Amino acid sequence: MSASPSQGRLSALADRWLPKLVLSPTLAASLIFVYGFIAWTGWLSFTESRLMPRYDWAGLLQYQALFENERWWTAAANLGIFGSLFILFCLLVGLLMAVLLDQKIRAEGALRTIYLYPMALSFVVTGTAWKWMLNPDMGLQKVMNDLGFANFTFDWLVNPDMSIYTVVIAGVWQSSGFVMALFLAGLRGIDDSIIKAAQVDGASLPTIYRRILIPSLRPVFFSVLLILSHIAIKSFDLVMALTGGGPGTSSDVPAIFMYQFAFTRGQLGQGAASAMMMLFTIVAVLVPLMYMETRSAKRV
Amino acid sequence: MKLKSLTLAVMAATLLPAAAFAGDVEVLHWWTSGGEAKSAAELKKMMTAKGHAWKDFAVAGGGGDNAMTALKTRVVSGNPPTAAQIKGPAIQEWGAEGVLADIDAVAKAGNWDKQLPVVVSNVMKYKGKYVAAPVNVHRVNWLWVNPEAFKKAGATVPKTWPEFFAAADKLQKAGIQPVAHGGQPWQDATLFESVALGVGGADYYNKAFVKLDKATLAGPTTVKVFETMAKIKTYIDKGAAGRDWNLATAMVINGKAGMQFMGDWAKGEFTAAGKVPGKDFICTDAPGTQNAFTFNIDSMAMFQQKSPAAVKAQADLAATIMSPAFQEVFNLNKGSIPARLDTPMGKFDDCAKKSSFDMNAAAKSNKLVPSFAHKMAMPSATEGAMVDVISQFMNSSMTPAQATERLAKAGAVR
């Protein structure tokens, strides 16, 4: 046919521009609503904004006030405790469950669904349910006492020294099933012939896991760390529902601090400064991880 | 001369229809539950009776936090509501943003200066001009007592702190939780301010929590206040952490606990349970605060309006809020007392009558003080910092001396 050259040019043009055209609204939206607002928050953190945004430069005043605020340090320390324990236990529990499920057992599908199910709940539901279970007057402690163990106490929820650990418990319960699913997918993706070869060489099952399977899950570890660490740093709803940051401010986390200062105390500048500190924390954790990840990917 | 009066007449003729034309009133509030919603409906009824269209702008949840977020958005977009439920120093903060309307003319016509105690009218003014109208007065320094429980324990209703601790000991021996409390920051602060007023007196309270005088805050009286708090802490059960105030009130209602420190909104819980003041429950001043009065006033701040009709509607709204008829019916529903000193109290119950009488007396003897736990006394930044210290003290092993030092530091936060 005669029209083919111009048609070919048109389709080449479409090939070149269509993807860009289709992607541009998303790109524009994320540029404005993510990076634009990050920049705006950054700007606000250098102003004296109170109830509403004001744009007169105030230098590092808000950061100075933030670093002198003891509540901020409580929140930061809690994030350290919660973040590290949450990630550690999610990894351990998730990996253990994945390895156990990987043993070609019966009813694996059903078990997998059961373990993965907490992920389908929102953190608010998880937090509220655990709040009831951990409440000494009506939860676990009361059940044990009613069963005759009169000396059994489990009052972490109302104990200011231990309340942050209840957040870890609920968080691990919620997320470890998801981690398990990721690890399981990773395990299933490993070539069977490697395992067979190792078996022929006389390696025992634990050795195979320790020396071959788990090391080859390295990329999965990275993904899990990425996902878990940002869940930990931005965690707000779980803590809000479970302890409300209390008793007192003992289980405060930076996200709650930021919300209260920016929106309920009329200290927008201070809230913005704490939000920037959270951003820096995420960047400090994620950038090295992503760098390592891409480097290792290139090497392979 | 003639020409001038003619122009005036023409101007008046053109202006009058505009002034007589009814406008929309949009009121942002979070009176959405039970008696409160009934109270808000009264305002709507009175405004529609005056021929204005009422646009309800109720934003529930978060103790007004959600409403404040909605308000900020509206103000930033240049389309503020007619009025919004804003109270205390927050009125000054909004005034400083330059968005509040001057309703001094309405106030002059209604002679508000005469009808409100000076401490109250000062809160309603920004730079000497009225910008807000008070709706009600809540008294915070109440002690709610279950007389049945007291009788069982052989205790008497306390008037001083030694009497209070004697009664608490008796209650504890009788197996009754002496103090019902909810371990939420604002409740800790509510307890604290009643103790501060009782231990230190109105002068100390004014100096420390209204003028934020550093030496007073760091002084020995504050240490004594914290020592009393530490002692009260031992009479509170462990399950108090995070408990809502109305659940604590329920403990007093059903006799599980003997007393509760709480503002007069607790009365609603008692009456809703069918209890009669004076017989099934007793409202008394927190120990040591006889004749003193910590007030928490809800008010409507007026926002600048563009159209003349809206301005007229706003003036009518302000006048209606301050009218004795509204003040009476609103507060009968809500459980608080009228802000106007001259509202007839005949229909109110004994607790409200006592509250009104005490407010009048306290206003005369300079013992009428703003409640800082309810955002009436200090800038929100300072208030937040202080509440943090108090709630940390209630939930840790911090010593009274340490707490005093940190409270003084919090008092310097602006």
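The model is predicted: local features need pLDDT of at least 70, side-chain atom pairs count only at pLDDT 80 or more, and totals for chains, interfaces and linings use all residues. Residues are numbered from 1 along each chain as its sequence is written, and chains are lettered from A and ligands numbered from 1 in the order in which they are written.

Stop 1: Select chain B and zoom out. Its C-alpha atoms fill a box of roughly 85 × 45 × 40 Å along the principal axes. Colour by secondary structure and you will find 19 helices and 12 strands (DSSP runs, H or I of at least four residues for helices and E of at least two for strands, numbered from the N terminus). Of the 414 residues, 52% count as buried, that is, with 20 or more other C-beta atoms within 10 Å of their own, C-beta atoms being placed from the backbone.

**Stop 2: the core.** Next, show B:A132, B:W144, B:M300, B:A301 and B:M302. Within the largest nonpolar core, of 175 residues, these touch the most other members (a core is a set of buried Ala, Val, Leu, Ile, Met, Phe, Trp, Tyr and Cys residues joined through C-beta atoms within 7 Å). Helix α10 of chain B, residues 185-210, gives the most to this core, with 11 residues.

Now centre on B:M302. Leaving aside residues up to four places away in sequence, B:M302 touches B:A83, B:L100, B:A101, B:I103, B:V131, B:A132, B:Q314 and B:A318 (contact means C-beta atoms, placed from the backbone, within 7 Å).

**Stop 3: strand β9(B).** Select residues 257-261 of chain B; five of the five residues in this strand are buried. Which residue of β9(B) is the bridge partner of B:W144? Look at B:Q260, which is also the bridge partner of B:A180. Pairing here requires at least two DSSP bridges between the strands.

**Stop 4: the contact with chain A.** Finally, bring chain A back. The contact takes 20 residues from chain A and 21 residues from chain B.

Key:
A residue is buried if 20 or more other C-beta atoms lie within 10 Å of its own, exposed if 12 or fewer, and partly exposed in between; C-beta atoms are placed from the backbone. Two residues are in contact if their C-beta atoms, placed from the backbone, lie within 7 Å.
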